[in-house]
Amino acid sequence: GGPAAVAIRLVIDTLAGLGYVHGVREPDGKPLRLVHRDVTPGNVLVGYDGIARVADFGLAKSLLTEGSNLTNHGEILGTPHYLAPEVIRGEPASPASDLYGLGAVMYRFLTGVAPHQGTTAEVLLKVLSETVRPLSELRPDLPPWLVSFVHRLLDKDPSRRPTDAAKLLVQLTNDARNAGLLVRSETAGRRRHPAGGLRRG
């Protein structure tokens, strides 16, 4: 798995992006209630500056238009490993389901494997019925607060899962700083792009 400090940095940047998306408002102040719907490792892009950004808003959709037929009802969109159980069951995506996806991305980054293994059909069933293998088994070196953070995001019950990306961002930043695991974005950039040719003036 990847270094914890780099994983934390990527998740902090992604939380900042999701916090912005989830909080977007109309000019009159009415919340647009946007969700991304497809938070996957492929959509968390790390620039040469090391800053992670949430990309590919192809599936992003306002909860306000959820009733209209933008997608056939019950059609599963997204990558099964990173889909929240409620989305698989055909319920509307929400900020909590985006944060489930982020938890699955973080688990994958820290361990090198997605939370559930198998074919698409097997993974969909496991997301609904099986608890993920404890992160502490795969990475006994990780601090308990970080393990607990990831498992909270992967809670099968959306009502028990965090829903506020902006609050999580503050919590994760503070916890990481206290643990000496808060690195600057450039660390992630350099690590990912050893030959990036970055010039720092």
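The following exercises, each with a worked solution, concern the predicted model shown above.

Residues are numbered from 1 along each chain as its sequence is written, and side-chain values use heavy atoms, with hydrogens and water left out. In this predicted model, local features need pLDDT of at least 70 and side-chain atom pairs count only at pLDDT 80 or more, while totals for chains, interfaces and linings use all residues.

**Exercise 1. Confidence**

Determine which elements of the chain have the lowest and the highest mean pLDDT, and where pLDDT stays under 50.

Solution. 
Step 1. pLDDT is the predictor's confidence in each residue, from 0 to 100. The chain has an average pLDDT of 81, and 75% of the residues score at least 70.
Step 2. Among the elements, the lowest mean pLDDT, 46, belongs to strand β4 (residues 61–62), and the highest, 97, to helix α6 (residues 144–153).
Step 3. Residues 58–76 stay under 50, and the model has 35 contacts for them beyond four places in sequence; contact means heavy atoms within 4.5 Å.
Step 4. Residues 191–201 are also below 50 in pLDDT, with 13 contacts in the model beyond near neighbours in sequence.

**Exercise 2. Overall composition**

State how many helices and strands the secondary structure of the chain comes to, and in what pattern they follow along the sequence.

Solution. 
Step 1. Helices (H or I, at least four residues) and strands (E, at least two) are DSSP runs, numbered from the N terminus.
Step 2. The chain has eight helices and four strands. Along the sequence, they are arranged as α-β-β-β-β-α-α-α-α-α-α-α.
Step 3. Of the 201 residues, 44% count as buried; buried means under 20% relative accessible area, exposed over 50%, and partly exposed in between (1.4 Å probe, protein chains only).
Step 4. Among contacts between residues at least 6 apart in sequence, 69% join residues at least 24 apart.

**Exercise 3. Helix α1 and its two partners**

Solution. 
Step 1. Two packed helices are described by the angle between their axes and the distance between the axes. Axes are lines fitted to C-alpha atoms, for helices over the stretch in contact, and angles run from 0 to 180 degrees between N-to-C directions.
Step 2. The axes of α1 (residues 4–23) and α7 (residues 165–178) come within 8 Å and cross at roughly 160°.
Step 3. By class, the contact has twelve nonpolar, three polar and no charged residues. Here Ala, Val, Leu, Ile, Met, Phe, Trp, Tyr, Cys and Pro count as nonpolar, Asp, Glu, Lys and Arg as charged, and the others, Gly among them, as polar.

**Exercise 4. Helices α3 and α6**

Classify the orientation of α3 to α6 and its handedness.

Solution. 
Step 1. The axes of α3 and α6 come within 7 Å and cross at roughly 135°.
Step 2. The two helices are therefore oblique to each other, and their crossing is left-handed.
Step 3. The contact involves, among others, Tyr100, Gly103 and Tyr107 of α3 with Leu146, Phe149, Val150 and Leu153 of α6. By class, ten residues are nonpolar, one is polar and none is charged.

**Exercise 5. Surroundings of Ala84**

Decide whether Ala84 counts as buried or exposed, and identify what it touches.

Solution. 
Step 1. Ala84 is found in the loop between β4 and α2 (85–88).
Step 2. Its relative accessibility is 1%, so Ala84 counts as buried.
Step 3. Leaving aside residues up to four places away in sequence, Ala84 touches Ser97, Tyr100, Val127 and Arg161.
Step 4. Ala84 and Leu154 are 70 residues apart in sequence, and their C-alpha atoms are 8.0 Å apart in space.

Conventions:
Parallel < 35°, antiparallel > 145°, perpendicular 65-115°, else oblique. Left-handed = near helix turned anticlockwise from the far one by under 90°.
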